[in-house]
Amino acid sequence: MTRHRVRPEEKAAGLDPPYEGGVLDARLAPVLEDLRERSLYRVRRVVDGAHAVRMRVDGRDCINFCSNDYLGLASDPRVAEAARAGFARVGTGSSGSALISGFNAEHRALEEELADFLGRPRALLFSTGWATNMGVLKALLGRGDVIVADELNHASLIDGARASGAEYRRIAHADLGACEHELQQSALDRRFALLVTDGVFSMDGDVADLPALAQLARRSSAALMVDDAHGFGVLGARGRGTAELLGEEPEVLVATLGKSLGCAGGFVAGSQVLIEYLIQRARTWVFSTAPPPAMAAAARAALRIVRQEPELRARLHENIERFVGGAQQRGLPVERRAVATPIQPLIVHDDARALVLSRELMSRGFWVAAIRPPTVPRGTARLRITLSAAHEPEQIDGLLDALAESLRALP
Ligand SMILES: *Cc1c(COP(=O)(O)O)cnc(C)c1O
């Protein structure tokens, strides 16, 4: 097949890679056309250089308000230096799965430090948070079991649960009554049930009521699994996450190294038995190349900073308060929540309006992503604004003014 060079008009139309007329393309092209008509077509923006607060995107400078780099560690020179030294010492790849030849002393040290930080017996390192959820859920559940899951849970939890073959019982967001009902029903049927929730909901920024959920689980002899991708490193006096903040430890805790730690990878923390079981059975772990040891070295450096510099979390929380307070002063539709998290949605409902707003903000030098279905439910398109410890107060004020002006200018 000859390679077709992408023409500028094709690129502009989103036909990148180009439509070439094969059987598959004929099937896919109308879907793309439909997405475009409904303002649901997605394109990538290209970042040049560091993924920091000030960044260069598609050739222009802007201030980033949509990353998950809550502590600014993705561009911290100490973390980058740990990665560089790790690559120099160990090389690039781990060369095998962890059970064959890929398990490095850096991996083991990171697992031990994560377990120690979280006050858990063990932790197990995966390549990504996505792979962690897929591997853990498929290993823990099978046909005949029940999974009780909040409707706003992350996509990886949904896919992992589906792949497990367990019966999926979706409950309305934060509906404790529905949760209790499903758990009691499973107990009556003598079926094993796993209650699964995000710690901090990724598109809404609210926090799960872990004490209430844990109590419901205990009463029905169900297990509780929490995905704390957005709470880990951020919430709690020591940064241990939603569980620390709310004083409730779930049996299974999952998080990512790609958000507050500014690295890449995922992990699960829990009992000796849980981790040993996953080592035997979690297919995304058993049959996947272990992550680069240098990335583990970088994550260790990032974790050390999380432990030793609580002032980073303090600054993040000051920034969140500055944003929420400033939004309320300006009459912006931003809720003040009981628990402040770095994820602050500004719901605009309509998909096209969300896109227009996001473009308008970009023209003013602020990068805020428009989040549309299927990432969020229909009719709840939003700007998802995220705060970082690395933001300066003036940048937050600037964003607030730009938001107020852009909203006023909307038709
Ligand atoms: C980002 C995220 C994941 C996936 O983690 P990755 O390391 O990015 O694959 C899982 N769960 C939640 C709640 C997330 O926000």
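Helices (H or I, at least four residues) and strands (E, at least two) are taken here as DSSP runs, numbered from the N terminus. The structure is a predicted model, in which local features need pLDDT of at least 70 and side-chain atom pairs count only at pLDDT 80 or more, while totals for chains, interfaces and linings use all residues. Residues are numbered from 1 along each chain as its sequence is written, and side-chain values use heavy atoms, with hydrogens and water left out.

The peptide bond joining Pro373 to Pro374 is cis, with omega near 5°. Pro374 sits in the loop that runs between strand E13 (369-371) and strand E14 (381-386). Positive phi values also turn up in residues other than glycine. Asp58, which is not a glycine, has a positive phi of about 45°, and its place is the loop between strand E2 (54-57) and strand E3 (60-64). Asp58 is partly exposed, at a relative accessible area of 45%; on this scale buried means under 20%, exposed over 50% and partly exposed in between, with a 1.4 Å probe and protein chains only. Arg190 likewise is a residue other than glycine with a positive phi, near 55°. Arg190 belongs to the loop between H8 and E7 and is exposed, with a relative accessible area of 78%.

Two helix pairs are described next, with axes as lines fitted to C-alpha atoms over the stretch in contact, and angles running from 0 to 180 degrees between N-to-C directions. Helix H8 (residues 176-188) packs with helix H9 (residues 210-219) at an angle of about 20°, their axes being 9 Å apart. That makes H8 roughly parallel to H9, on a scale where angles under 35 degrees count as roughly parallel, over 145 as roughly antiparallel, 65 to 115 as roughly perpendicular and the rest as oblique. Contact (heavy atoms within 4.5 Å) involves Leu176, Cys179, Glu180 and Leu183 on the H8 side, and Ala212, Leu213, Leu216, Ala217 and Arg219 on the H9 side. These residues comprise 7 nonpolar, no polar and 2 charged, where Ala, Val, Leu, Ile, Met, Phe, Trp, Tyr, Cys and Pro count as nonpolar, Asp, Glu, Lys and Arg as charged, and the others, Gly among them, as polar.

For helix H3 (residues 77-90) and helix H13 (residues 293-308), the angle is about 150° and the axes are 7 Å apart. H3 and H13 are therefore roughly antiparallel to each other. From H3, Arg78, Val79, Ala82, Ala83, Gly86, Phe87 and Val90 meet Pro293, Ala294, Ala297, Ala298, Ala301, Ala302 and Ile305 of H13. The residues of this contact divide into 12 nonpolar, 1 polar and 1 charged.

Helix H7 (residues 155-164) has Ser156, Leu157, Ile158, Gly160, Ala161 and Ser164 as its buried residues. These pack against helix H6 (129-140) and against strands E5 (146-150), E6 (167-171), E7 (193-198) and E8 (223-227). Just after H7, Gly165 adopts a positive phi of about 85°.

Finally, the cysteines deserve a look. With a disulfide taken as a pair of cysteine sulfur atoms within 2.5 Å, the count comes to 0 disulfides. For the sulfur of Cys62, the closest cysteine sulfur is that of Cys66, 7.8 Å away and so too far for a bond. Cys62 is buried, with a relative accessible area of 5%, and Cys66 is buried at 17%.
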